[in-house]
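Visitor: I've got a model to look at and a few things I'd like to ask. Could you walk me through it?

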Amino acid sequence: MKRAALAVSTLSLLSLTACGGSADPDSATGEPRSTAARAKQVTPAERLAKLMITKADVPGLDVKATSRDKGNDKYLFAKSPDDVTVEKPACAPLAYTMNQLSLGEPQGDLTHYVPQGSKFTYITLTTYAPGKAESAFAGLAKGVNSCGGGFTAKANGTVTYDSVTVEEPVAKAGDESLAFRATMPFQGITHTLHAQAVRKGDVIAAYVAVDGMAMVQDRPGDAKLPAAVVKAQNAKLG
């Protein structure tokens, strides 16, 4: 059970306000009211919930909430980025991405996953204040370019990544896209994780594909990111 728990822990792995000119006069003062004053503010959580794909967006597949969404964090590698210690600071964004943690200084984040047999695709959406998404994405790009030789991350257990290699994105989208794979040894067997990140405005979508049962079954894992899932989520970003 301890071994299975470790495997699971390692795999776990802006408010919108309309703006503009005047509109209907205020009933009390007779003065024009701005659109912003009349518009209902949308919280970061509400915005991300609308942006996250659903079953309707990926026919034949399911989209589920993670244990973190359900408040069950017993087997999570980390509850937040603050819980993670990385030997090479530049590699921290990689550890966060591969363990469904937010990058930079977010206003909100949401993670769901798409199961396909023993393979899982995790989708983490994060929203930021103006300008913060760009810096968060830049930090991830720096990590991909700086951590090819691997690194070690510690939180609820220790995870060692032997190598990090740049890959071609499954589907480029938004304002910026990048992709990479990382190899992770577990009891003498190599497991490969594939990840991609897309920034559209002030939202970052991070995708991670893992073989959820490979560690438990003592076999190599190498799950590819499914194009249908990535393209569907990219489309929801606009």
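**A strand and some rings**

Guide: At 17% relative accessibility, Tyr113 counts as buried, because buried means under 20% relative accessible area, with over 50% exposed and anything in between partly exposed (1.4 Å probe, protein chains only). Mind that this is a predicted model, where local features need pLDDT of at least 70, side-chain atom pairs count only at pLDDT 80 or more, and totals for chains, interfaces and linings use all residues. Residues are numbered from 1 along each chain as its sequence is written, and side-chain values use heavy atoms, leaving out hydrogens and water.

Visitor: Which residue joins Tyr113 in an aromatic pair with 35 degrees between the planes?

Guide: Rings of Phe, Tyr and Trp (its six-membered ring) pair if their centres lie within 6.5 Å; planes under 30 degrees apart count as stacked, over 60 as edge-to-face and the rest as tilted. This pair is tilted, at 5.8 Å centre to centre. Both partners are buried, and the one you want is Tyr122.

Visitor: What is the bridge partner of Tyr122 in E12?

Guide: Strands (E, at least two residues) are DSSP runs, numbered from the N terminus, and two of them pair if DSSP finds at least two bridges between them. Strand E6 (residues 119–128) pairs with E12 in the antiparallel sense over 9 bridges. In E12, the partner of Tyr122 is Val208.

Visitor: How many of the 9 residues of E12 are buried?

Guide: Ile204, Ala206, Val208 and Val210 point one way and Val203, Ala205, Tyr207, Ala209 and Asp211 the other, all of them buried. E12 is largely enclosed by the rest of the structure, so the count is 9 of the 9.

Conventions. Helix = DSSP H or I, 4+ residues; strand = E, 2+ residues; numbered from the N terminus.
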